[in-house]
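Subject: Structure handover

Hello,

Here is the structure I promised you. Please open it next to this email, and read my notes below once you have it on screen.

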Amino acid sequence: EERQQLSIHKLMAEAKTAKGLYDEGYKHLYAYTQMREEFFTEATLREMSKVKNRYELVSRENEIELLRAEKDLLAKEKKIKGLYWFLLFMMVAGFSGILFLLYSRWKMQSRLLSLLKDRGEKIKAQNAKLAQSNLDLQQFASVASHDLREPLRMINSYTKLLSRRYASSFDASGKEFMHFITDAATRMDRLLVDLLEYSRAEKRNERTQWVSSVDLVDNALANLKLKIHQKGVSVNYEKSHLPKLYVNKSGMVQLFQNLISNAVKFSDTESPEVIIDCAKRGHYYKFSVKDNGIGIEDNQQEKIFDMFTRLHSSQEFEGSGIGLATCKKIVERQGGEIWVESKKGQGSTFYFTIPQDVSAN
C-alpha cells in the first residue's frame, strides 16, 4: 500500500509538472519524497533489525558451538590429563618394578654368592679332609705292603715248614687246619697287594705319555702269561683297532691286566676266549674286553665296581673285591667311564672310554 501511494505521488508530480502546474507538482513531489524517506527509513530499520536478529542468532549459535568446542576440548584435556597421569603412574610403577626386580636380583645374587662362598668353604674343608684321608690311605697301604705282609709271609713260611717236617704227626684234622692257615695268610697277602694297587691308582696320572694300546695289552698279557696258560684261555685282538693314547702307562697296564684276569678267572667253558677291541666314538675311544664265561646277574652289574664287593665265595673264586674298583678309579682319573654288559651264563663284556687327548683333562 505504501509503495502504491509512493507511485501515485510520483506519477501525479510528473503529470502536474508536464501540464505546467508546478506548485501542485511540487506538493506531490514533496509528499513523495517525505513518504519515500519514511518508507526507506522504516524498511532499513526492519532490515537492520533482521540483520541484527540474524547476527545475534548466528552469534548465539557460534557461542553455543564455541561452548561445545570448549566442552569437547575440556573433555579431551581431561582425557589427556588422565592418560598423562596413567602413563606417569605406569612409568613410576614400571620403574619401581624394575628397581624391585634389580634389588631382588641383587639380594638373590648376594645370597647365592654367600651360599656359594659357604659351600666353597665346606668343599675346601672336605677336600682337605679327603686329601688327608687319601694320604692316610696311601701311608696305610705302604705300611701294609711292607710291615703287615712280612708277618704274613712268616706265618705262611713256617706253616709250610711245619707241614713238611711234621706232616706225618698230624691227623686229617690237623692237616686241614694247616691248610686253612696257609690259605688265609695267602688271601690276606693278596688283599694287601690289591689294596696297595688301589691306593697307587690315585697317583698314576702324574706322568702321562703317548703309548700304543697294543703295548699296554701285550704288557698285561705278559704279566698274566702263566694264568692264561693254566686255564687254556685264547686272547684275541686286532692290533690295527688299538689306537695310541696319551695316558699313564702303568695305570693302563693295570687296567687291562685286571679286566683280562677277571675274564680268565671266571671262564668255565671248554674253549675259554677273551676278545679285546676298540672303536672310535666321537671324541672318545671305546674299548671292550669280552669273555664267554659265567656272566653276571643284572642286579649285580653296578655293584661290582664298589670296594670289597664279591659275588662269589673265596672257595669258588679267589679275589679281594678290589680289582674292579681299581679299574674304575684308573678310568675315571683318565677322564672316561667304565661299565659292564652281561647275561648270566652267556659271558660278560666290560666297556671303558678314554678321551682321544687325555692331556686336555
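Below are my notes on the aromatic pairs and the sheet.

First, a caution: this is a predicted model.

**Aromatic pairs**

I searched the whole structure and found 7 aromatic pairs. Start with Trp210 and Tyr246. Their ring centres are 5.3 Å apart. Where do the two residues lie? Trp210 is in strand β1, residues 209-212. Tyr246 is in strand β3, residues 244-247. The pair therefore ties together parts that are 36 residues apart in sequence. Trp210 itself is exposed, because its relative accessible area of 53% is over the 50% cut-off.

Next, look at Phe256 and Phe287. Their ring centres lie 5.8 Å apart. The planes stand at 80 degrees, so this pair is edge-to-face. Phe256 belongs to helix α6, residues 249-265. Phe287 belongs to strand β5, residues 284-291. Here the parts tied together are 31 residues apart in sequence.

For both, the cut-off is under 20%. Ring pairs also bring in Phe352, which forms a cluster with Phe256 and Phe287.

**The sheet**

Strand β5 is part of an open sheet of 5 strands. What is the strand order? It runs β2-β4-β5-β7-β6, and the pairing is mixed. The edges are β2 (234-237) and β6 (338-342), each of which pairs on one side only. From one strand to the next, the twist averages 20 degrees.

Now zoom in on β5 and β7. Strand β7 covers residues 348-355. The two strands run antiparallel, joined by 7 bridges. Across them, Ser288 stands opposite Tyr351 in β7. Helix α6 packs on this sheet. It touches β4 (273-281), β5, β6 and β7. The direction of α6 makes about 170 degrees with that of β7.

**A charge over a ring**

One last thing to find on screen is Lys286 with Tyr351. The charged end of Lys286 sits over the ring of Tyr351. The distance to the ring centre is 4.7 Å.

**Where to look**

For a quick tour, select Phe256, Phe287 and Phe352, the cluster linked by ring pairs. Then go to Tyr351, with Ser288 opposite and the charged end of Lys286 over its ring.

Best wishes

Conventions: Residues are numbered from 1 along each chain as its sequence is written. This is a predicted model: local features need pLDDT of at least 70, side-chain atom pairs count only at pLDDT 80 or more; totals for chains, interfaces and linings use all residues. Side-chain values use heavy atoms; hydrogens and water are left out. Rings of Phe, Tyr and Trp (its six-membered ring) pair if their centres lie within 6.5 Å; planes under 30 degrees apart count as stacked, over 60 as edge-to-face and the rest as tilted. Helices (H or I, at least four residues) and strands (E, at least two) are DSSP runs, numbered from the N terminus. Buried means under 20% relative accessible area, exposed over 50%, partly exposed in between (1.4 Å probe, protein chains only). A charge sits over a ring if NZ of Lys or CZ of Arg is within 6 Å of the ring centre and within 35 degrees of the ring normal. Two strands pair if DSSP finds at least two bridges between them. Axes are lines fitted to C-alpha atoms, for helices over the stretch in contact, and angles run from 0 to 180 degrees between N-to-C directions. Contact means heavy atoms within 4.5 Å.
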